[in-house]
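Visitor: I have a sequence and a model open side by side. Could you walk me through what holds the fold together?

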Amino acid sequence: MKEIKAVIRPNKLSALRDALVSLPGFPGMTVTKVDGCSAPTRHVARHTIKDELTDYTAKVRVEIVAPDDVAEAIFQRITEVAKTGHYGDGLVWMTELEKAAFIFKSTPGPD
């Protein structure tokens, strides 16, 4: 199992949802509204360090737990759909997940 997380621009969420739902084996996702700021950088001219550190941008955090066989496709779709080519597009990462269970499926009893 893999855990895929991404922080992206909110205006990309609808397109991302559409792109992921069409993937065979897509397990669903959790979305959380977040605010963030980038570390000070030389790539974007700002007036002061204070301006950079207080320039919070609305983002959404997407979290997905997926079987290994679909995780790479999910990662690629997020990367493709979320990209605008502008500074601050966000971040996507994937990690190994030692153990996971859907709570509604892990209770004792018949199927």
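Guide: Welcome! This is a predicted model, in which local features need pLDDT of at least 70 and side-chain atom pairs count only at pLDDT 80 or more, while totals for chains, interfaces and linings use all residues. Residues are numbered from 1 along each chain as its sequence is written, and side-chain values use heavy atoms, with hydrogens and water left out.

Visitor: In what order do the strands of the open sheet lie?

Guide: Helices (H or I, at least four residues) and strands (E, at least two) are DSSP runs, numbered from the N terminus. Two strands pair if DSSP finds at least two bridges between them. Strand 1 and strand 3 pair in the antiparallel sense over 7 bridges, and strand 2 and strand 3 also pair in the antiparallel sense over 7 bridges. The open sheet has 4 strands with antiparallel pairing, in the order 2-3-1-4.

Visitor: Which residue in strand 3 stands opposite threonine 32?

Guide: Strand 2 and strand 3 pair over 7 bridges, in the antiparallel sense. In strand 3, the residue opposite threonine 32 is arginine 61.

Visitor: At about what angle does helix 3 run to strand 1?

Guide: Axes are lines fitted to C-alpha atoms, for helices over the stretch in contact, and angles run from 0 to 180 degrees between N-to-C directions. Contact means heavy atoms within 4.5 Å. Helix 1 lies across strand 1, strand 2 and strand 3, at about 15° to strand 3. Helix 3 packs on the sheet, touching strand 1, strand 3 and strand 4, and its direction makes an angle with that of strand 1 of about 10°.

Visitor: How wide an arc do the buried residues of helix 1 cover around the axis?

Guide: In helix 1, the buried residues are Leu16, Ala19 and Leu20. The arc is that of the directions from the helix axis to the C-beta atoms. These residues lie on the same side of helix 1, because they cover an arc of only 95°.

Visitor: How far apart in sequence are the parts that aspartate 68 and lysine 2 tie together?

Guide: A salt bridge is a side-chain nitrogen of Lys or Arg within 4 Å of a carboxyl oxygen of Asp or Glu. Aspartate 68 and lysine 2 form one, with the closest N and O atoms 3.5 Å apart. Aspartate 68 lies in helix 3 and lysine 2 in strand 1, so the pair ties together parts whose separation in sequence is 66 residues.

Visitor: How close in space is glutamate 3 to leucine 97, C-alpha to C-alpha?

Guide: Glutamate 3 lies in strand 1 (residues 2-8), and the side chains of glutamate 3 and lysine 5 meet in a salt bridge (3.6 Å, N to O). Leaving aside neighbours within four places in sequence, the contacts of glutamate 3 include Glu63, Trp93 and Leu97. Glutamate 3 and leucine 97 are 94 residues apart in sequence, and their C-alpha to C-alpha distance is 5.9 Å.

Note on methods:
Buried < 20%, exposed > 50% of the residue type's maximum accessible area, 1.4 Å probe, protein only.
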